[in-house]
Amino acid sequence: MTASLSRRVWLERERAHQERADALTSAHRERASRREKHPVWDFLFTYYSYKPAQLRRWHPGAGVELEEAPERLSWRWYSPGSSEHSAVPDAATFAGEKSELAALIERMLRRTASRPGQFGCFGLHEWAMVYHADEHRHPVPLRLGQAGTDAVVENHDLRCTHFDAFRFFTPEAVPRNRTALTRDDQSLFEQPGCLHAGMDLYKWALKLGPLVPGELLLDAFELARDIRLLDMQAAPYDLSAWDVVPVPIETAEGKAEYVRQQRVFADRGTRLRGELLQAWLGSAHSVALSA
């Protein structure tokens with residue numbers, strides 16, 4: 001049975017969502033107004049390239065009918081509901097128009113969820129991105145200097161499983177990774193312990209548009225934000241000018257702290273992965289997608 005929300009209820013939820021989204025993006029918007037860069041937080045809006053306005057747009061999720069919502073009938077992937085002027089986010093329409101994307105997202109979510117987490121990478125992907133490099137991704141000093149940073153890479157086993165991190169490895173670091181990753185086999189290696197797989201839940205949620213409840217989208221954004229901080233705390237950069245306290249993964253204590261937080265994020269990601277699939281496909285079993 002399709003759930004429905006009265007106009008009063010869904011407008012209240014929309015307002016609450018917008019207030020929460022505004023609070024989450026206020027610091028970024030203030031920095032942007034001053035043209036001020038931030039080496040940690042800009043990533044959430046540059047690498048993922050979604051604007052704060054997109055986070056602010058609330059949707060009820062697939063199959064949830066909005067009563068008295070004629071304005072939504074012109075929105076993409078909404079269909080008429082059971083009553084006059086009602087509108088419903090339509091998973092079948094999305095799958096019909098975006099079949100390859102729909103199949104990719106489901107494949108990534110399901111396959112990642114089916115695997116055990118791996119917790120032995122220690123965030124070394126960021127170190128591999130500056131290994132033997134004259135220029136770095138962030139114009140800030142390295143905590144251990146270039147030689148010290150290179151030595152950390154050389155004294156560890158690189159175990160990156162995420163292609164979109166691996167593709168930024170320096171040429172000298174690429175053969176040091178345990179596995180040679182490609183875009184085509186990304187879904188074969190993605191696993192829930194990976195910080196970037198957790199951050200990417202935000203990307204998948206936004207790509208699904210109205211099929212994902214706004215509250216769940218912001219949960220995914222908050223997870224990406226929290227993971228991003230650890231990602232940079234464990235990186236080789238000296239970010240003390242931005243009050244970022246390092247998690248020194250070159251030490252036993254730093255490794256233990258990294259893994260402790262990594263496991264917490266993996267648990268949060270696993271829960272959100274299940275919620276995304278349920279919100280999107282839970283009431284739309286007739287939508288055929290490749291596994």
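Mentor: Let's start with a crossing: H10 and H11 cross in a left-handed way, meaning that the near helix is turned anticlockwise from the far one by less than a right angle. Helices here are DSSP runs of H or I with at least four residues, numbered from the N terminus. The model is predicted, so local features need pLDDT of at least 70 and side-chain atom pairs 80 or more, while totals for chains, interfaces and linings use all residues. Residues are numbered from 1 along each chain as its sequence is written, and side-chain values use heavy atoms, without hydrogens and water.

Trainee: Are H10 and H11 roughly parallel or antiparallel to each other?

Mentor: Their packing angle is about 150°, with axes 8 Å apart; axes are lines fitted to C-alpha atoms over the stretch in contact, and angles run from 0 to 180 degrees between N-to-C directions. Angles over 145 degrees count as roughly antiparallel. The pair is therefore roughly antiparallel.

Trainee: How many residues of H11 are buried?

Mentor: Buried means under 20% relative accessible area (1.4 Å probe, protein chains only). H11 is largely enclosed by the rest of the structure, because the buried count among its 20 residues is 14.

Trainee: Is Cys-121 buried or exposed?

Mentor: Cys-121 sits in the loop between helix H5 and helix H6. Its relative accessible area is 18%, so Cys-121 is buried.

Trainee: How far apart in space are Cys-121 and Cys-160?

Mentor: In sequence, 39 residues separate Cys-121 and Cys-160. From C-alpha to C-alpha, the distance in space is 6.2 Å.

Note on methods:
Helices (H or I, at least four residues) and strands (E, at least two) are DSSP runs, numbered from the N terminus. Buried means under 20% relative accessible area, exposed over 50%, partly exposed in between (1.4 Å probe, protein chains only). Angles under 35 degrees count as roughly parallel, over 145 as roughly antiparallel, 65 to 115 as roughly perpendicular and the rest as oblique.
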